[in-house]
Every structure is written in C-alpha cells, then in structure tokens.
Amino acid sequence: MVSRRAALLGAGAAGGFALLPGTASATVELRDQVLAELTRVAPVDTGRVTLTIPGVAENGLSVYTIVEVESPMTEADHVRAVHILAANNPIARLFTASFTPASGIARVATNIRLGGSQEVTALAEMSDGSFWQDRKQVVVTIAACVDGG
Amino acid sequence: MKTTLDVTRRGFVVGGASAGFMLGMGLPLGDRLGAHAQTGFPDEINAWVVIQPDETVVIRIARSEMGQGTLTGLAQLVAEELECDWANVTTEYPTPATNLERGRVWQSMSTGGSRGIRESEQYVREGGAAARQMLIQAAADAWGVDASECTAAKGVISHEGSGQSTTYGQVAEAAAKLEVPSGIPLKDPKDWTIAGQPLKRLDTRDKLTGKQIYGADIKLPGMLNAAIRQCPIFEGKLASFDAAEVKNMPGVKHVVQVGDDAVAVVAERWWQAKTALDALPIEWDGGEHANLTSAEIAAFVEEGLDAEDAITGNTVGDAKAAIAAAASTVEAVYAYPFQHHATMEPMNATALWTEDRCEVWCPTQNGEAALAAAAEAAGLPPQQCEVYKYHLGGGFGRRGAVHDYVRQAVLIAQNVPGTPVKLLWTREEDMAHGAYHPITRAKMTAGLNEAGEITGLHVRIAGQSILAGLMPQRLQDGMDPVTFQCLAAEGDHALAYTFPNFLADHAMRNPPVRPGFWRGVNANQNAIYMECFIDEVAHAAGKDPLDFRMSMLGNHPKNAAVLKAVAERAGWGTPAPDGIFRGLAQCSAFGSHLAACAEISVTDGNLKIHRIVAATDSGHAVNPQQIEAQVEGSFVYGLSAMLYGECTVADGRIEQANFDTYPVMHIDEMPEVETIVMPSGGFWGGVGEPTIAVAAPAVLNALFAATGKRVRSFPLKHHDLSA
C-alpha cells in the first residue's frame, strides 16, 4: 500500500519539484467544491457575516481571524455553524465552529494558517437552512528565498 | 494623526509631526499617494512614473535598496521603455499601505531571493512603456495628429510631418488624464540604450556626502529613544525586572516589558536608555534550552547523516544501488556552522502609535511585511497603519522574513501614545537575536566505474530547515525545498551536473536556534559540499578538475560556458606563477549560472587569496557594472563566512557578541576580483546572491592544490594550514 505521503514524495521525486512557490494545493475550484458540499448546493448570500482578517500578514503562520454573524441566536433563528474556507491552502476547509442558541452570540475568533496570498471565505449556516458569507483577500508576504508575496 | 515630511528636493510637503525632517532619495510618499489614489494625481502618468513640469522624471520603486543597486536597475528598466532623459531621473518608494490601498498596483515589495529585477522586469517595463504611450498620445491629441506618427526620445516627443516637438513635462498633465493602455510591445533587449548600460548608481552621491538617511539616523520632533534587552537564551522568557532601580537615572522615562521575553528602557537619549538598561536588574526564565551547547547541537545534527528518516529532494535512477555496485567509492563528511548576518546597521525601527493609527519608519526588505508586523503589534487594521521605508545599512536576509524589531518598536511606542520612539538594538543585542544561517552537515558518497566516472552520487544533508523554523506552512509535505538549493531536479537551483544516478535527501534536524535566509542561503554550503567533493572525486579518479567537470556538463551548456570562461581567463592548464595554486567551482543558483577560478598561496600556514575570476550568466544584464559590484561585494561576505563566520552556542545562547568575536575579512585580505558578466539571453536570473556560492569552494579547491589538505569543516580559522 502506498501512503499519500509516499505517493506525493515519489511524484515529487520523479517529476522534480518547483522550488517555488510554496505548498498550496487547493484552488478556487476546490474551495468552491467544498463550499458546494457544505451548502448542499443551496444559494449563498453575501451579508450578515463579517470576516475580520488583516489585509496583509507578515508570515501566514498564524493570522488572527474573527467571524461574526448577525443573528438573534434564538431557537427559531440562530447560527448552526461557521466555516472558514481557503482558496489556496493545502486543505480548503480550515475550520468549522458549531453553535446553538445557548451560544448566545455567533462570534468566533481564532488563528488560522495561510500558505500564501489568497481569498478567505467565512460561511455561516443558519437554522433556517440559508447560507451567508463574507470574503476577504489576504496578502501573505514572504521574503527572501521563497516569495509568495 | 498625520505625518508630514518636508522634502526639499521635490519642493512639496508630503505629510506634519516631522516637519523640518529632510529626506533625499527614496522618500516615502504615503500620504501623498494615498490622497491622490482617490482624488487623482495631476502629474502621475501611471503608478510607475511621475513627470513634473520641470521635466523631472520620478520613477517609483517598490523593492528596497540595501546596497544591491536595485533602485538604479529597476529605474533603468522603466526609463528604457519610457524613453526619457536619464539625467532627469529620480526615484521614490511608494509606501506599503498605499500599495494595499491601490490594489497592490506595485505588486510585491519583497526584496530577497535575488528577485528584485527578475520578478518584476516585465511589469515595470510595461509601466514605462504605457507611460511613454500616454505622453505621446497627449502630444498627438494636442497637435491633432495620429500618435503613430509621433516618436519619443530623451523626453522629447516629435512629429516628423509637421516638425512639431514638445517635452514630457509639457504634456504630462494631459497624459495623466488618459486611460493607461496595456499590451504595448516592449523593446528587444538588444535595442536597449539605458538598460544594459553600466550607468552610475543614483544613490552614490547621497551616500558619499552623508545625505543618505538610514533608519538608525531618524530623528523626529519630540522623539524618545529606546534600548531593549531580550532573553538571550533560545525560547527563554523574561522572569522579572526591577524598574525602581533605574527610574531615577538621567533621562529615563519608562521601563517597559516588551512581549513575554524582553524589557526596554525609554529615555530622552539613546545612550541614557542603554546605560539604564545595563544597570537594570533583570531575571530570565531560561526554559528548557538554558544549558544547550554547540556540542549537543552537533551531535543532534550529525545523527542525521546516517538516519533512515531522510526526505528526498531529488532522485535520478538508483544512487544507492549504483554506489553499492561501483568499482570504487569516495566518501566525505562536511560541516557548516551557524552564521550571522552582521549587518553594519543594527536592527532598528521608529514607531508612533495612537489608538487609531500607527506609523513606523524602518529599514526593511519587505515594506508590506513590516506593515503587517506593525499592524498586528498595534492592534490596528493595516489600513490604519503606515510604514516608511529607508535604505538599509545591510539586509542580507535579516530584514526580510523576520520583523521582530518592528513589532518591538510598536509595542514600546504603545506605552507613550502620540510620541515617536526609536528603538535601536545594540550590536550585542543584534548578535544574540539573529535569524542565523542554518547549521548542516553533509555526507557525500560517490561511486565510480573503472574509467573513473561517477556512476552514482548520494548527497545526504543533515540539519536545519529554514522553512521549518520560520514558516512551516511552506514545507512541501514535510520537505523543505530551500534545503536543496543547487541540488534540485529543476528550477532556479537545479543541480548543475548530469549523473546517471543521483540522490539528494535531507534528515531534518532542527535545533532551537532561529534560522534565517542569509545571502545566498543554502547555496553557500551546498556549493561547498558539491564542488569540493567533485574536486575530491576528480583527484581520486586522477583527473583534471576542469576536464572532470566538463565531462558531466554536456546537458548544461550555460554552466559549461561560465566554467570555460573563468578557466580561460585564469589560465587554467597553463603554469601558475611560483607558489600560486588554482581551484575551480561552478553551480546554478537563483536562476543564474556561476563559475569561479581562485588563485591562492599558502606561506607559513597563512592563506593568501590573490585573485578570483568569476563568471555570471544571469540571462540579461540590466547594469553590468552593478553586477560586478554585487559579485565583488558578495565575495567579501562569502569569504568572510568561509574564513571566520561561526556562531557557537553555550548556556543556551550565542557566544559571539560583536565584531571582535565575529570578524569579517579585512581589506588587505580581499583578493582581486575579475568579474565576467556574460548574459546569454532568453531568461532572467538573479544577481545579488548567486555568485557568492562559488567563491569559497574555488578557494578551498585551490587550497587543496596548494597543501593537499581537504578542509571539510568551517570556518577555516580553525584549521592549521602549516603542517
């Protein structure tokens, strides 16, 4: 059995590797595919969700990120989940936080890791089945030998 | 709070707190550009070019000038397409926040990896070409003629049919109102008249007259000065300090904790801050590495030489099998130490913080990264921050990937809202908190056939990964591609030989010493490993080092060409003067192809490097004189590292504290450097770093020719050459 790691290493060895840039393997298409799976192809509206993330990050190793969703957080109307998706990371779905009305507010703050400059999506899943999103572009600066900036 | 910089040369006021602060070239224009981003900018033709009524051509440079000449080289590329008069050219840095605000119209500000020109040549030339077209169009519109009938040269636009002519300065305002065109064909480099020429640097005069402002020179009205001490032990923390002991010392304003591992004294003058800091009782929490030594690190790294957990970076055929089946084998183990950037100007940054804005003045290799670090430390969005870049008193990679000094300056300034604070590290602080050139070892094993040809080569690198230490998210499924510079299968750092069987692998061993990108990065030691070992194999096979190399360069014509060029220039194959011995080296790095031939002598155990002939094929040569200067300068740096460069560890900290214990080579030790600039066209290679890699191995191979000694551990100062 060939592990994923061994397969990737083998492929890299056979085909050589491009020294630059970076490791990112997700694409906008993969991000959209993950988004479609999460929403079960339901429409996604823009609004209600506020993604706060720096427009520029020095490194990408740890980027402070806040997602807030406008919601009364009642039994009848609350946020079920918040997902953070990346368009250019090895894995498109970075993070999922689940909520209940008992959460009180729909707000999550965390540090995420970004492999390079890319668009970050915050997706909120509501109790009524609707989906809302906010998207921000983040420049991840990389200096010296590697350059993603 | 707005900041005003009073700029004499340009005769306009840019921004207020620093009124009276005079700046020359490279002045930051944040407020100016930011304001005009929304309101229009009368004399901005496009993002790259500003033309003033007096015909002054201001070319915007996004990359940082740190001595490498990028300011001049990039300006040459823009001016070439612009068809302006070079005598009228001056430059300026757009600010990082303006770049973000304007949708990164100047793209990356990262200045490293020898990428300044090769990464941006296309779009800066397009910027110059677009500006030229707009200026011509404006003149044609005024004359009522077709723009295609007009020509431009040296900033003068002419219409042959009507005999009319005008200047860029006269049509600039009209041109600025036109749409920026795209798709303007660029000149063939063979037609260049400004680019490709050995023009004098634009910043030389200001450096010679002392007008050049560096970050360490900055003085703002009301500014306080800070000295800092960070826990000298790797990953150690600040335990406690007794501010009461120093608070009444002259000039002292504040004693503040900075993060969890440092304390700073803020005073009226820097020496007051430094004196109080020296007197401040500080207790450190050394943590788990408090007793770490060089010997422990060496053992940890060297265990990787035969370990099973190596990650493959490049493999061709089956090197291990070929070596096992070889008629004979050659094996050698090399060792390369931690080294320090030792920039002439220690780390520094000046910060002004309020609750809603943060401004930083600093030397940086990446303005946007400095902005990001400042914003994060300030607790503000980047849009409410600004960074004003200053020429660097040395970068070499230290001011590229780690903006710890910016972060610290902002954290200190938060204690005095509305008052600018300049943080200046001491040399000792700088030496203790570097981003060190990584420590590695290499086991080189070659298998040879009966004819003395290499049938298999295995390069086992054991040691530190820069990416793992600084940005692990950039590892490629656990592999650090940067480790394999000069050993890679393809790309900018491809192995510059063809072997029937080859394996380069890496047993990653990361000690808790922060690594960094150091001019040339891993090309430095990898070229030593490869090129000294190739010499060893040539010797074992009884072959001439030049012929032996050439026999493996059939698929590498550019490498063969640079090697041939240095061999011919140095007179390889002809008798050297009495007592003089020669050595060769070649490789590819940063997209360029390099070779060197060194001439040395050894008298009473003393090495004298007489001459190094070095060839660089960077594809294109935007300023051949600057390439020569870069090669010469890089040899000072690279040879210093080979001769003396070593940071050692005791008690969990770096032992070297200043240039007495971390020397660089002196002027009387510097060889004559003959640079062959041989751009072969068709590609864009780097210049700032690559050629550094061939200096040390060429000297070491000459040293073997002279003494029969193979030096395999560095620096050279530890070796007795007399026996």
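Trainee: How many helices and strands does chain A have?
Mentor: Chain A has 2 helices and 9 strands. Helices (H or I, at least four residues) and strands (E, at least two) are DSSP runs, numbered from the N terminus. This is a predicted model: local features need pLDDT of at least 70, side-chain atom pairs count only at pLDDT 80 or more, and totals for chains, interfaces and linings use all residues. Residues are numbered from 1 along each chain as its sequence is written, while chains are lettered from A and ligands numbered from 1 in the order in which they are written.

Trainee: In what order do the elements of chain A run?
Mentor: From the N terminus on, α-α-β-β-β-β-β-β-β-β-β.

Trainee: What share of chain A is buried?
Mentor: Of its 149 residues, 43% are buried. A residue is buried if 20 or more other C-beta atoms, placed from the backbone, lie within 10 Å of its own.

Trainee: Switching to chain B. What's the strand order in the open sheet of 4 strands?
Mentor: β24-β25-β26-β29, with mixed pairing. Two strands pair if DSSP finds at least two bridges between them.

Trainee: Which are the edge strands?
Mentor: β24 (581-589) and β29 (672-677) of chain B, each pairing on one side only. From one strand to the next, the twist averages 15°.

Trainee: And how do β25 and β26 of chain B pair, parallel or antiparallel?
Mentor: Antiparallel, over 11 bridges, between residues 592-603 and residues 606-617 of chain B. In that pairing, B:Val602 stands opposite B:Leu607.

Trainee: Which strands does helix α17 of chain B touch?
Mentor: α17 (residues 624-643) packs on the sheet against β26 and β29 of chain B. Its direction makes about 135° with that of β29(B). Contact means C-beta atoms, placed from the backbone, within 7 Å. Axes are lines fitted to C-alpha atoms, for helices over the stretch in contact, and angles run from 0 to 180 degrees between N-to-C directions.

Trainee: Where does α18 of chain B lie?
Mentor: Across β24, β25 and β26 of chain B, at about 150° to β24(B).

Trainee: New topic. At what angle do α2 and α4 of chain B pack?
Mentor: About 35°, with their axes 7 Å apart. The contact includes B:Leu74 and B:Leu77 of α2(B), and B:Ile117 and B:Val124 of α4(B). By class, there are 9 nonpolar, 6 polar and 5 charged residues. Ala, Val, Leu, Ile, Met, Phe, Trp, Tyr, Cys and Pro count as nonpolar, Asp, Glu, Lys and Arg as charged, and the others, Gly among them, as polar.

Trainee: Last one. How many residues of α11 in chain B are buried?
Mentor: 9 of its 10. Among them are B:Tyr405, B:Arg407 and B:Gln408.

Methods. A residue is buried if 20 or more other C-beta atoms lie within 10 Å of its own, exposed if 12 or fewer, and partly exposed in between; C-beta atoms are placed from the backbone. Two residues are in contact if their C-beta atoms, placed from the backbone, lie within 7 Å.
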